[in-house]
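User: I am new to this structure and would like to go through it by question and answer. Please begin with a term that will be needed along the way.

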Amino acid sequence: MREWWVQVGLLSVPLLAIYLHIPPPKLSPALLSWRSSGGFFTYKDQNIFYRDSTGAVGSSDVVVLLHGFPTSSYDWCKIWEGLTQRFHRMIALDFVGFGFSDKPRPHHYSIFEQASIVEELVRHLGLRHQRINLLSHDYGDTVAQELLHRYEHNKTGSILINSLCLSNGVSRLCSPWRHRLLCNNGFLFSILQYINQRKKHRDRWVGALMSTSVPLHLIYGPLDPVNPHPEFLQLYKKVLPMSTVSVLDDHISHYPQLEDPTGFLNAYLNFINSF
């Protein structure tokens with residue numbers, strides 16, 4: 001925990017760059033390759049980037065990956081190849097406002113909209129009647145919870161959820177440095193409204209997790225400064241005793257799929273193969 005301020009400082013650098021309108025650096029070859037291997041679909045005049053790969057022969061299983069804040073689908077790059085050995089189809093997207101997707105201004109960004117974008121992508125790919133495994137991280141955890149709520153309440157257009165795996169979701173508390181930055185940048189203020197949305201709709205989203213019969217799992221990096229150990233894990237197990245949990249090595253922090261891709265992938269595949 002003594003190094004939490006370092007990680008918060010590192011996170012604030014790209015946000016400060018946005019505030020100061022510093023031009024982004026050129027894309028690395030890896031990012032260019034990621035973009036070229038994906039495509040776009042349109043949701044309400046917004047261009048949404050996604051990547052759709054086929055993998056294991058003989059499997060019909062589909063996994064949809066939901067990234068966190070303030071990053072993109074590229075967060076899944078280190079486990080993508082491993083997933084192709086187990087799943088027939090792997091799908092990831094950049095939420096509106098993130099990555100290669102459009103970033104409209106002004107715009108009311110919301111978890112509800114992001115969930116609708118995921119549903120529209122599933123329909124766009126012809127998977128409306130396919131059972132979907134959701135794998136989410138951080139901000140994506142909350143989008144997954146909204147999707148789960150819609151599924152459990154038989155909402156029109158909701159996707160069929162086969163399983164849900166969460167990882168290192170963001171705390172609903174907003175730290176002081178974020179408040180100062182929000183006051184100076186309308187785009188960031190709009191994006192970060194999800195923090196207030198999580199507090200406002202807690203009963204809806206936590207309730208979906210508490211009442212679901214969908215197999216539920218958590219992969220957790222215990223050095224996470226946003227969801228500190230052991231408090232976060234104790235609360236999670238208390239609220240969701242039916243969920244299984246994988247705790248990674250002590251030095252793994254908020255981005256476990258990048259920091260320990262082998263451990264993360266093994267934990268996820270063990271969960272998927274358990275039911």
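Analyst: A residue is called buried when its relative accessible area is under 20%, and exposed when that value is over 50%. The model discussed here is a predicted one.

User: Is Ile 252 buried or exposed?

Analyst: Ile 252 belongs to the loop between strand S8 (244–247) and helix H11 (256–259). The cut-off for a buried residue is under 20% relative accessible area. Ile 252 has 0% relative accessibility, and therefore it counts as buried.

User: What separates the C-alpha atoms of Ile 252 and Gly 221?

Analyst: Leaving aside neighbours within four places in sequence, Ile 252 is in contact with residues including Gly 221, Pro 222 and Glu 259. Ile 252 and Gly 221 are 31 residues apart along the chain, and the distance between their C-alpha atoms is 4.7 Å.

User: Which kind of aromatic pair do the rings of Trp 34 and Trp 80 form?

Analyst: The structure holds 16 aromatic pairs. For Trp 34 and Trp 80, the ring centres are 5.4 Å apart and the planes meet at 75°. Planes over 60 degrees apart count as edge-to-face. The pair is therefore edge-to-face.

User: How many residues apart are Trp 34 and Trp 80?

Analyst: Both Trp 34 and Trp 80 are buried. Trp 34 lies in helix H2 (residues 29–36) and Trp 80 in helix H3 (residues 77–84), so this pair links distant parts of the chain, 46 residues apart.

User: Which kind of pair do Phe 98 and Tyr 139 make?

Analyst: Phe 98 is buried, as is Tyr 139. The centres of the Phe 98 and Tyr 139 rings are 5.2 Å apart and their planes stand at 50°, so the pair is tilted.

User: Over the face of which residue does Arg 35 lie?

Analyst: Two arginines are placed over rings, and one of them, Arg 86, lies over the face of Phe 87 at 5.3 Å from the ring centre. Arg 35, at 5.4 Å from the ring centre, lies over the face of Phe 100.

User: How is H4 oriented relative to H5?

Analyst: Residues of the contact include Ile 111 and Phe 112 of H4, and Tyr 139 and Leu 147 of H5. The contact residues divide into seven nonpolar, three polar and three charged. The helices pack at an angle of about 70°, with axes 9 Å apart. Angles of 65 to 115 degrees count as roughly perpendicular, so H4 is roughly perpendicular to H5.

Key. Residues are numbered from 1 along each chain as its sequence is written. This is a predicted model: local features need pLDDT of at least 70, side-chain atom pairs count only at pLDDT 80 or more; totals for chains, interfaces and linings use all residues. Side-chain values use heavy atoms; hydrogens and water are left out. Rings of Phe, Tyr and Trp (its six-membered ring) pair if their centres lie within 6.5 Å; planes under 30 degrees apart count as stacked, over 60 as edge-to-face and the rest as tilted. Helices (H or I, at least four residues) and strands (E, at least two) are DSSP runs, numbered from the N terminus. Buried means under 20% relative accessible area, exposed over 50%, partly exposed in between (1.4 Å probe, protein chains only). A charge sits over a ring if NZ of Lys or CZ of Arg is within 6 Å of the ring centre and within 35 degrees of the ring normal. Axes are lines fitted to C-alpha atoms, for helices over the stretch in contact, and angles run from 0 to 180 degrees between N-to-C directions. Angles under 35 degrees count as roughly parallel, over 145 as roughly antiparallel, 65 to 115 as roughly perpendicular and the rest as oblique. Contact means heavy atoms within 4.5 Å. Ala, Val, Leu, Ile, Met, Phe, Trp, Tyr, Cys and Pro count as nonpolar, Asp, Glu, Lys and Arg as charged, and the others, Gly among them, as polar.
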